[in-house]
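Colleague: Before we use any labels for this chain, I would like each one set against its cut-off. Please show the structure.

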Amino acid sequence: MALYNLTLPKMGESVSEATVTKWLKEPGDRISEDEAVVEVATDKVDSDVPSPVSGILKEKKISDGEIAQVGQIIAIIEIEGEGEETTVTSAEVNEVEANMINPTPVKDEEIIIQEIQLPDLEIPGVDQLPASPAAHKEAIHNSIRFYSPLVRNIAQEEGLSQQELDSIPGTASDGRVTKQDVLNYLQQRKQSGPSNAAPAGTATPATTAPAPSATKAIGVTAAGDEIIEMDRMRRLIADHMVKSVQTSPHVCSFVEADVTNMVNWRNKIKDSYKKREGENITFTPLFIEAISKALKDFPMVNVSIDGTNIIKRKNINIGMAAALPTGNLIVPVIKNADQLSLVGLSKSVNDLAVRSRANKLKPDDTQGGTFTFTNIGAFGNIMGTPIINQPQAAILAVGTITKKPAVIETEFGDMIGIRHIMYLSMSYDHRVIDGALGGTFLKRVADYLEQWDTNRVI
């Protein structure tokens with residue numbers, strides 16, 4: 001018999017670690033080739049880790065709830081063959097890639113020296129931490145103790161000194177500090193104030209309990225009240241929503257759009273489109289096309305903030321907020337939306353929507369967004385004030401399309417007619433987008449929708 005080291009595969013660009021949420025196999029269980037062994041969760045999506053070999057699970061190296069780094073051994077599988085131990089080969093990893101995005105696993109020493117930036121979490125409200133001096137960044141990265149790229153970035157952006165970071169006790173295997181350890185420490189420091197923060201070089205007791213949450217602080221319940229614990233994704237969303245509001249001064253603009261031509265055009269072509277393409281064409285790709293055009297007209301809306309620097313994004317990657325059956329929200333991203341035809345946009349929208357509801361998104365599907373779109377009209381809402389999806393600078397919401405009497409200007413004078421009317425609203429970061437730019441951009445999106453060519457062929 002030989003031993004096979006099953007490692008955590010690469011989960012996508014800039015994703016360096018994942019939390020083990022559920023083992024699907026226990027020691028002694030037989031595993032088939034390409035069979036899922038464990039469920040893991042990143043800040044993006046949940047995924048299965050399949051085994052590229054057949055054998056028997058001999059040992060689990062990571063427990064439920066622990067965080068594993070990309071390339072770290074998470075299990076040992078006993079397989080038939082001679083020798084004491086085998087390692088992952090490129091050919092074996094390529095077989096796994098058919099089910100999951102898994103480039104060749106990164107070696108442990110590569111993880112230590114690799115400079116990976118904090119991933120862009122595509123959930124509305126994801127936090128963007130303020131930039132800090134380069135000297136502090138260098139100090140955080142020059143530690144003998146190993147920290148994951150995510151932990152190093154959080155420490156850097158929160159202004160933790162190297163001594164203070166070293167004082168945080170780790171709850172993971174071998175005393176490693178996890179993201180949650182750092183967040184708990186920051187919460188404790190915030191509650192106790194600077195005077196009670198751990199002094200440099202002084203270790204905080206590992207038994208220190210995390211600061212009580214705002215929910216527990218209420219402490220008032222009545223007969224019949226039900227206490228529901230947030231699941232992992234809801235806790236992430238809650239945290240990121242709060243941090244987004246704390247990060248960006250939100251301002252919101254609204255416009256009304258007469259989309260009668262667009263509605264009539266879609267009604268005219270939807271049956272032939274479905275017959276030809278085998279799927280429906282919804283309003284969403286039409287909205288995304290208009291947004292992409294407006295972003296090309298106003299590139300300073302397609303930006304992010306890094307301290308006192310403005311990052312003007314080259315690519316137009318539109319995040320599409322999607323409601324999940326669990327009641328949570330996720331934002332898959334349509335990459336280079338401005339380069340796709342309307343048919344390409346429609347297929348991308350349908351594909352991402354289906355895979356979102358089936359929990360089959362890949363980590364890369366939710367990364368790299370530069371602007372977010374959300375359709376609150378699907379729930380009968382006429383308008384809303386969405387929270388910015390950090391580190392982006394704006395998010396646009398469209399309301400429901402309703403028939404209303406409206407004044408129509410003609411060459412023979414004004415008249416009253418029944419028109420399809422909708423409201424568009426956009427929240428934007430007032431640090432970088434002023435009212436003139438935000439309002440003009442939103443009006444341009446409305447203009448593209450109102451001026452829809454009813455003779456357009458796709």
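Colleague: Why does Glu164 count as buried?

Modeller: Buried means under 20% relative accessible area, exposed over 50%, and partly exposed in between, with a 1.4 Å probe and protein chains only as cover. Glu164 has 9% relative accessibility, so the residue counts as buried. This is a predicted model, in which local features need pLDDT of at least 70 and side-chain atom pairs count only at pLDDT 80 or more, while totals for chains, interfaces and linings use all residues. Residues are numbered from 1 along each chain as its sequence is written, and side-chain values use heavy atoms, with hydrogens and water left out.

Colleague: What makes Glu164 and Arg189 a salt bridge?

Modeller: The term requires a side-chain nitrogen of Lys or Arg within 4 Å of a carboxyl oxygen of Asp or Glu. Here N to O is 3.2 Å, and the side chains of Glu164 and Arg189 meet the rule. The two residues are 25 residues apart, Glu164 in helix H5 (residues 162-166) and Arg189 in helix H6 (residues 179-192). Helices (H or I, at least four residues) and strands (E, at least two) are DSSP runs, numbered from the N terminus.

Colleague: How many salt bridges does a search of the whole structure find?

Modeller: The search finds 15. Another of them joins Lys347 and Glu277, with the closest N and O atoms 3.1 Å apart. That pair links helix H11 (residues 342-357), which holds Lys347, to helix H9 (residues 260-277), which holds Glu277, 70 residues apart. Salt bridges that share partners place Arg276, Glu277, Glu279 and Lys347 in one network.

Colleague: Why are Lys347 and Glu277 called partly exposed?

Modeller: Lys347 has 34% relative accessibility and therefore counts as partly exposed. Glu277, at 24%, is given the label partly exposed too.

Colleague: Which residues form the nonpolar patch on the surface?

Modeller: Phe254, Ile382 and Met383 form the patch, with about 260 Å² of accessible area together. Patch residues have over 30% relative accessible area and no salt bridge; nonpolar side chains (Val, Leu, Ile, Met, Phe, Trp, Tyr) are joined within 5 Å, like charges within 9 Å. Phe254, in strand E9 (residues 250-258), has a relative accessible area of 40%, so the residue is partly exposed.

Colleague: Why is the pair of Trp265 and Trp452 called tilted?

Modeller: Rings of Phe, Tyr and Trp (its six-membered ring) pair if their centres lie within 6.5 Å; planes under 30 degrees apart count as stacked, over 60 as edge-to-face and the rest as tilted. By this rule there are five aromatic pairs. For Trp265 and Trp452 the centres are 5.3 Å apart and the planes stand at 55°, so the pair is tilted. Trp265 is in helix H9 and Trp452 in the segment after helix H12 (435-450), 187 residues apart. Both are buried.

Colleague: And what makes Phe287 and Phe373 a tilted pair?

Modeller: Their ring centres are 5.9 Å apart with the planes at 45°, so the label is again tilted. Phe287 and Phe373 are both buried. Ring pairs link Phe283, Phe287 and Phe373 into a cluster.

Colleague: Why do strands E5 and E7 stand at the edges?

Modeller: Two strands pair if DSSP finds at least two bridges between them. The open sheet has four strands in the order E5-E4-E2-E7, with antiparallel pairing. Strand E5 (46-50) and strand E7 (67-69) each have a single partner strand, so one side of each lacks a neighbour in the sheet. Three bridges join strand E2 (residues 17-23) to E7.

Methods: Accessible areas come from the Shrake-Rupley method with a 1.4 Å probe; for residues, only the protein chains shown count as cover.
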